[in-house]
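This report describes the sheets, a helix packing and selected backbone features of the structure shown below.

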Number of protein chains: 2
Amino acid sequence: MRVLGVDPGLTRCGVGVVEGVAGRPLTMLGVGVVRTPADADLGHRLVAIEQGLERWLDEYRPEFVAVERVFSQHNVRTVMGTAQASAVALLCASRRGIPVALHTPSEVKAAVTGSGRADKAQVGAMVTRLLRLDAPPKPADAADALALAICHIWRAPAQNRLRQAAALHASRTPTAPNSPKGRSA
Amino acid sequence: MRVLGVDPGLTRCGVGVVEGVAGRPLTMLGVGVVRTPADADLGHRLVAIEQGLERWLDEYRPEFVAVERVFSQHNVRTVMGTAQASAVALLCASRRGIPVALHTPSEVKAAVTGSGRADKAQVGAMVTRLLRLDAPPKPADAADALALAICHIWRAPAQNRLRQAAALHASRTPTAPNSPKGRSA
């Protein structure tokens, strides 16, 4: 599977494409950052992010997009911009019919380092090792985007099993659209 | 001037179009709500909001878009969705080159009722009176969108004077691109 990871941000939006399956060595296809000028107005910054992400989607045609789930516990000003940049990523992917998964920062850290409280350097070091790179990708947003993609590839089998179980359960419940009414009355 | 007001929200995104100039009676051209199902996934909800707003922009061709400025002091879960819905509104307008203004809830309330702490009912009553409607628009999100558009029309002259002054100042400063270097040395 080919996954585009997006670490959303208004000033620097990290993007990274990873291909592979859980249990096999993974391959980095591309990594970078979509930047927007801090002095531009918000609407134009969001348009620039949209255009940047569209180019990545056009070039790499990922089957899945993994976006960092934003929490509002952090810095008030930053988090609003992050939420708005993530909205653009969700929009671009969903408009193309590409499934989008949200992963929390601690899920991503735990997936690549084994600890949900790992620091940036540790995440960068593991991304470098897992993708067999010469050096950690810079800036950290780019490394985080790759970590998100790796996290999605590794978590995907479990999530797919959960989805299958939920679908099976739904097909067996008496409230399913095609089941007879008042069956258990 | 014709203004589309947008009260952003994932479940109900209020939209209202008002035409007029400050100091003259205003006219409501349209009002409504773009709704998205709460059980749909976030990406598809954002796509539905984009499609809904695009229809309003196509039909009414506003010269300005006024969006409520989102603060993160409020409910944590709600505010993220509101920020993401507002990102879609900013994106849709900016993509078309339509200027977007952000107004805070208290600016809007103060503009239409005279008090920044007015309640929903008071805002609804004033919107009804100012636009000469038979009854307050429902739901409150729709009335709020109209209040945003009214606020923008009334605040616009002052904001435009400020922009003109800033532009004039920029053209006179010695650091302007075409001015000679070291002039004041």
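The model is predicted. In chain A, five strands form an open sheet in the order 3-2-1-4-5, and their pairing is mixed. The edges are taken by strand 3 (27-35) and strand 5 (100-103) of chain A; each has a single partner strand, so one side of each is left without a neighbour in the sheet. From one strand to the next, the twist averages 20 degrees.

Within this sheet, strand 1 (residues 2-7) and strand 2 (residues 12-19) of chain A run antiparallel and are joined by six bridges. In this pair, A:Val3 is placed opposite A:Val18 of strand 2 of chain A. In general, the strands of a sheet pair through backbone hydrogen bonds, in either a parallel or an antiparallel sense.

Helix 1 (residues 42-60) of chain A lies across strand 1, strand 2, strand 3 and strand 4 (64-68) of chain A. Relative to strand 3 of chain A, helix 1 of chain A runs at about 165 degrees.

Chain B also contains an open sheet of five strands, with the order 3-2-1-4-5 and mixed pairing. Strand 3 (27-35) and strand 5 (100-103) of chain B stand at its edges, and because each has a single partner strand, one side of each is left without a neighbour in the sheet. Eight bridges connect strand 2 (residues 12-19) of chain B with strand 3 of chain B, and the two pair in the antiparallel sense. Here B:Val17 stands opposite B:Gly30 of strand 3 of chain B.

The next topic is helix packing in chain A. Helix 3 (residues 105-113) and helix 4 (residues 120-130) of chain A pack at an angle of about 50 degrees, and their axes are 9 Å apart. Helix 3 of chain A contributes A:Lys109, A:Val112 and A:Thr113 to the contact, while helix 4 of chain A contributes A:Gln122, A:Val123, A:Met126 and A:Leu130. By class, the residues of this contact comprise four nonpolar, two polar and one charged.

Most residues other than glycine have a negative phi, and most peptide bonds are trans. The table lists departures from these patterns.

| Site | Feature | Value |
|---|---|---|
| A:Lys138 to A:Pro139 | cis peptide bond | omega near -10 degrees |
| B:Lys138 to B:Pro139 | cis peptide bond | omega about -10 degrees |
| A:Arg132 | positive phi | phi near 50 degrees |
| B:Arg132 | positive phi | phi near 50 degrees |

In chain A, A:Pro139 is located in the loop between helix 4 and helix 5 (140-172). A:Arg132 lies in the loop between helix 4 and helix 5 of chain A. In chain B, B:Pro139 is found in the loop between helix 4 (120-130) and helix 5 (140-172), and B:Arg132 lies in the loop between helix 4 and helix 5 of chain B.

Are the two arginine residues buried or exposed? Exposed means over 50% relative accessible area. A:Arg132 has a relative accessibility of 52% and therefore counts as exposed. B:Arg132, with a relative accessible area of 54%, is likewise exposed.

Methods:
Residues are numbered from 1 along each chain as its sequence is written. Chains are lettered from A and ligands numbered from 1 in the order in which they are written. This is a predicted model: local features need pLDDT of at least 70, side-chain atom pairs count only at pLDDT 80 or more; totals for chains, interfaces and linings use all residues. Side-chain values use heavy atoms; hydrogens and water are left out. Axes are lines fitted to C-alpha atoms, for helices over the stretch in contact, and angles run from 0 to 180 degrees between N-to-C directions. Helices (H or I, at least four residues) and strands (E, at least two) are DSSP runs, numbered from the N terminus. Contact means heavy atoms within 4.5 Å. Ala, Val, Leu, Ile, Met, Phe, Trp, Tyr, Cys and Pro count as nonpolar, Asp, Glu, Lys and Arg as charged, and the others, Gly among them, as polar. Two strands pair if DSSP finds at least two bridges between them. Buried means under 20% relative accessible area, exposed over 50%, partly exposed in between (1.4 Å probe, protein chains only).
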